[in-house]
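Let's walk through this two-chain model together, one question at a time. Keep the viewer open and follow along.

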Amino acid sequence: MPPALSRVTKYTLYRAITLFLTVVVGVYLTIVIANMGGHIDKIRIAQIREAVGARLLVDPQVQALPASEIHKRIEQQVNLESQRLGLDKPFMLRSFNYLSDALSLSLGRAEVLTSDSGSRQVRLILVERLPATLLLFATANLLLFFVAIFVGLFLSRRYGSFLDRAVVALAPVSAAPSWFYGIFLILIFAALLKVLPFGGMVSAPPPGPALLYSLSVLKHLILPVSAILIGAIFVTIYSWRTFFLIYSAEDYVEMAKAKGLSSGTIERRYILRPTLPTIITTFSLGIIGIWTGSIILEIVFNWPGVGRLLFQAIGAFDTPVIVGAVVIYAYLLALTVFLLDIAYALVDPRVKVGGEGKP
Amino acid sequence: MEEVLLRVEELCLHYRTSRGIVQVVDSVSFEVGRNQALAVIGESGCGKSSLARAILRLLPRNVAVYTGGVFLDGTNVMLLGEERFRQEVRWVKVSLVPQAVMNSLNPVVKVGDQVAEPLVTHNLVKKAEAQERAKQVFRLVGVPLDFLQRYAFELSGGMRQRMAIAMALVADPSLVILDEPTSALDVLTQANILNMLKRIKREFQRSFILISHDVATSSELADSVAVMYAGQIVEVSNAAHFYHEPLHPYSQKLMASVPRLRQDRKPEFIPGQPASLINPAKNCRFAPRCQLRFSECEQEPPFFECGDRGRVKCWRYA
């Protein structure tokens, strides 16, 4: 094997293993935290005891028994049920079973929540919610990313112009979260002007033909997407503009100008290309952000996505759903970071994997 | 008198700062003949590099005043619009070897492409020919041809300097501005690069403006010398005379500070601090440091012609 190839293979393996270990640690922490370090067990045993008690005490045959006998029966049933759910084994031991299940993506069954089709499979519940979140946040984040980067570049080339100063002045608008603007948008466009829907993803009942259906979805998308944009666009443009401003001050940009290159070439080859690694990083991290959604925004707009699902799962102590969502996210994040390492080496000649700079 | 290639008239470049207007280039006038080399010498911060930028119109954002005339082959290029200036002057007529060569090459574009780039931009030749031409200039400055495929960070300082010179020569400009071309290099590399520049000047008949704070290296190349002090040119002299008998008291001090071979005299230093360029006084700017000053020095001196030796901005030659 040529030395370059073996170096790359070694590095790739090394990265894959370290990233996997990171995922393991992250998922395990989530399992411990979602179970409140085992405290959830006590809550669940109490719930079982309550349910068993309620069931037995309405039985006239049981009512006839003496109190100590009733108590014994309840304890018996509770133990049986705990054994069935595996609650009799110590949590620390079970946490590792949860971990291996989570890592092998057998996400198991939800405790409380069900999918809209009635399934308890965590996988099905997640798969049902994902498209809604992906649609909303992919639209908003991609729009945000591309608008911000190009407007940022534009403004950095026109430093100090009216538009530039306007964006800088508007940047603090992003101090408030997007759902805050969402509430106002609903108030104005849904309640007052009655031109756009209050929330949801499609009108009820959903229109049959595909075209009408997508039009209805589009109409429901306008307000949440606008809320996300208003909540982030100015500060994002501002940071890109400052970023490009710093890189436009590089000597090689000045030199490109002296060489008489057109400003389009300067922007492409001398500003965008050297900063491509940073741009790609921001882009891919933004893409992963799409998967988690946003809890409050989805609730404000009654959007049937992963964010709202997580909220419900946390409220109901439904740990399998929480862990399921997190493990998928962790894998995606690790995969993205892994691919980013490769992408860096492709777009930036200064990055050579595996230490030694000389080819 | 040989044909004039570049004539700079009353060129002013002032920057706006929080502490006031900085007059980095103040009413500077000089000429560069065809196939001539003009050395612009002076201390750090006297406005030499800003002068180079002013000629190429590479201005920072805080420009307050930018006036005067820059006549190239008789046309005042100061009057050209931004786009015409880019297409007709930059690199086609005037090119620049920058001061900070370390950062002047794009880190992610192969140097060969960067050298060939101006040719393609200005539609001088086809793309394939541009690579051929890049090879030619690489040979000219003594860089191995396989360096065409390398990136800037893979080159040593001396190689980058050669690369910058190759880039400056690629479009066959009539004037090359060298901004401290050897200041960041060790003496051996300095000597190599200066010899190379001398060869290029001899063989290719090109005009140079050599900006340097190093009097000794400037003497290698210069046909005439302009001395800058505090944003103004104080003396323009024939090189033959200048390096033996400079006219202006500042130039004399500058020459006295240069160590020489086979001489017992210790190099001198110039007392005092360089004058501030912020709101300078209306006297001779060198007067506070000048040991030869007299009452007239309270007024700003005009230029006095000194026959074939040059002209000097000092009352002693009135």
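Q: In β10(B), which residue is the bridge partner of V227(B)?
A: A word first: this is a predicted model. Strands β9(B) and β10(B) run antiparallel and are joined by 6 bridges. In that pairing, the bridge partner of V227(B) is E235(B).

Q: Which strands stand at the edges of the open sheet of 8 strands in chain B, and why is one side of each left without a neighbour?
A: The sheet has mixed pairing and runs in the order β6-β7-β8-β3-β9-β10-β12-β11 (chain B). A strand at the edge has a single partner strand, so one side of it is left without a neighbour in the sheet. The two strands in that position are β6 (94–97) and β11 (304–305) of chain B.

Q: What angle does the direction of helix α5 of chain B make with that of β6(B)?
A: Helix α5 (residues 157–169) of chain B packs on this sheet, where it touches β6 and β7 (175–179) of chain B. The angle between the direction of α5 and that of β6(B) is about 175°.

Q: Is A230(B) buried or exposed?
A: A230(B) sits in the loop between β9 (224–229) and β10 (232–238) of chain B. Its phi is positive, about 50°, although A230(B) is not a glycine. Most residues other than glycine have a negative phi. Because A230(B) has 22 C-beta neighbours inside 10 Å, and 20 or more are needed, the class is buried.

Q: How many C-beta neighbours does S27(B) have inside 10 Å, and what does S27(B) count as?
A: S27(B) also has a positive phi, near 50°, in a residue other than glycine. S27(B) lies in strand β2 (residues 20–33) of chain B. With 14 C-beta neighbours inside 10 Å, S27(B) counts as partly exposed.

Q: Which element gives the largest share of the side of domain 1 of chain A that touches domain 2 of chain A?
A: Chain A is divided into domain 1 (3–103) and domain 2 (131–347), with C-alpha centres 37 Å apart. Contacts link 16 residues of domain 1 of chain A to 12 residues of domain 2 of chain A. Elements that give two or more residues to the domain 1 side are α1 (3–34), α2 (39–57) and α5 (91–103) of chain A. The largest share, 11 residues, comes from α1(A).

Q: Where is P205(A) found, and what is the omega of the peptide bond from A204(A) to P205(A)?
A: P205(A) is found in the loop between α8 (178–192) and α9 of chain A. Most peptide bonds are trans. The bond from A204(A) to P205(A) is cis, with omega near -10°.

Q: Leaving aside neighbours within four places in sequence, which residues is G200(A) in contact with?
A: G200(A) lies in the loop between α8 and α9 of chain A. G200(A) is partly exposed, with 15 other C-beta atoms within 10 Å. Its contacts beyond four places in sequence are H220(A) and N302(A).

Note on methods
Residues numbered from 1 in each chain as written. Chains lettered and ligands numbered in written order. Predicted model: local features only at pLDDT ≥ 70, side-chain atom pairs only at ≥ 80, totals over all residues. Helix = DSSP H or I, 4+ residues; strand = E, 2+ residues; numbered from the N terminus. Buried ≥ 20, exposed ≤ 12 C-beta atoms within 10 Å, placed from the backbone. Domains from an automatic or database assignment. Contact = placed C-beta atoms within 7 Å. Pairing = 2+ DSSP bridges. Axes fitted to C-alpha atoms, helices over the stretch in contact; angles between N-to-C directions.
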